[in-house]
Amino acid sequence: MPQQVTVTEHILLNQKMVPGATGQFTRLFNELVLSAKIISRAVRKAGLVDVLGFTGEVNVQGEEVKKLDEYANRILMYRLARSGVLCAMASEENADIIEVPESLPRGDYIIIFDPLDGSSNIDVNVNIGTIFSIYKRKSSPEAALMSGDVLQKGSEQVAAGYVLYGSSTMLVFSCGDGVHGFTLDPTVGEFLLSHPDIKIPEQGKIYSVNEGYERYWDRDTKKVLAYFKSPKNALRKPYSGRYIGSLVADFHRNLLYGGIFMYPADLRDPMKPTGKLRLTCECNPMAFIAEQAGGLATDGHIPILDIDPEHLHQRVPFFCGSRNDVEMVQDIFQNESRGKKKR
């Protein structure tokens, strides 16, 4: 039987090649891994204990809070604050940046996370996940934390990843040295390397989008969908449509099989004119992973990782996946833009 490498061993073995992978970084990752194990245990008990349904509260996004959402958020905030290496955290569930209190040891790292992506699927036993993004502060540790320390471009991420709670629990992450996947072995309680150096196929064959909202899209976005459904595309046949409604699950499938995930801007909700997905806690980490695996991510015009965040909960259109597919999306938007200028 081949030797199995744990997450911690992998980071330590590759520390010299991973920018920023110091002992502090390893401690932070250990707390992330422990949090993932605790959340995974709760997910597997859903339906047997009181973690299903709503809390009766509404989060900063204006969305009803699921009990398991709140539980995952509390676990991550408690464990990560005690890692001793963070100066601040930000969560999709909280309105503001959360500074680590002075009563606890602090460091130079900042983490932004979505505690439970796809939580609307919890009650029907569909895959859900945790998404995280790690940065290092730019200002002096002696100075007050600045908004620019948290609101950094995605290209400045030290690491990013996600945990997928499905038929097995998987941790997929990148520290800028490629993408690696680890599967939780419940018999030993460790995440073991199962998918080394993941590469997304250059040409995809799957598109993932909620077509029910097509009537609210602009003409450019409708042309993008028409391309993937046309027999005149790169495959010379329509792509397969696969949409779970959980970003982590849809992204993970496309990462392994090849394809594109799309959540474009739409006109359904005047409060969300640029789409639903958050730049800092969802799009940036997924874009980082996609690019490290050989793929691309764009808002239709510019790379996701080049966008300067204006505020913590900023939303952006999101097209992410296989390189050829994302480049085609960019071409369609750019051609349409040039056509509008001529007119």
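Me: What makes helix 7 (residues 279-292) largely enclosed by the rest of the structure?

Reply: It's a predicted model, mind you. Buried means under 20% relative accessible area, and 12 of the 14 residues of helix 7 are buried, so the helix counts as largely enclosed. Among the buried ones are Leu279, Cys281, Cys283, Met286 and Phe288. Helix 7 also lies across strand 5, strand 6, strand 7 (159-165) and strand 8 (169-174), at about 85° to strand 6.

Me: Why is cysteine 281 called buried?

Reply: The cut-off is under 20%, and cysteine 281 has a relative accessible area of 2%, so buried is the word.

Me: What makes strand 4 (98-99) and strand 10 (190-195) edge strands?

Reply: The open sheet has 8 strands in the order 4-3-5-6-7-8-9-10, with mixed pairing. Strand 4 and strand 10 each pair on one side only, hence the label.

Me: How do you know that strand 5 (residues 109-117) and strand 6 (residues 128-136) pair?

Reply: Pairing takes at least two bridges. Strand 5 and strand 6 run antiparallel and are joined by 7 bridges, so they qualify. Isoleucine 110, for one, stands opposite tyrosine 135 in strand 6.

Me: Why is the pair of phenylalanine 173 and phenylalanine 182 called stacked?

Reply: Ring centres have to lie within 6.5 Å, and planes under 30 degrees apart count as stacked. Here we've got 5.5 Å centre to centre and 15° between the planes, so both tests are passed. Both phenylalanine 173 and phenylalanine 182 are buried, too.

Me: What about tyrosine 207 and phenylalanine 228: which kind of pair is that?

Reply: Stacked, with 6.4 Å between centres and 20° between the planes. Tyrosine 207 sits in strand 11 (residues 206-208) and phenylalanine 228 in helix 5 (residues 219-229), so the pair ties together parts 21 residues apart in sequence.

Me: What makes arginine 268 sit over the ring of tyrosine 213?

Reply: The distance part of the rule asks for CZ of Arg within 6 Å of the ring centre, and the angle part for within 35 degrees of the ring normal. The charged end of arginine 268 is 3.6 Å from the centre of the tyrosine 213 ring, and it does sit over that ring.

Terms used
Residues numbered from 1 in each chain as written. Predicted model: local features only at pLDDT ≥ 70, side-chain atom pairs only at ≥ 80, totals over all residues. Heavy atoms only, no water. Buried < 20%, exposed > 50% of the residue type's maximum accessible area, 1.4 Å probe, protein only. Helix = DSSP H or I, 4+ residues; strand = E, 2+ residues; numbered from the N terminus. Contact = heavy atoms within 4.5 Å. Axes fitted to C-alpha atoms, helices over the stretch in contact; angles between N-to-C directions. Phe/Tyr/Trp six-rings, centres within 6.5 Å; stacked < 30°, edge-to-face > 60°.
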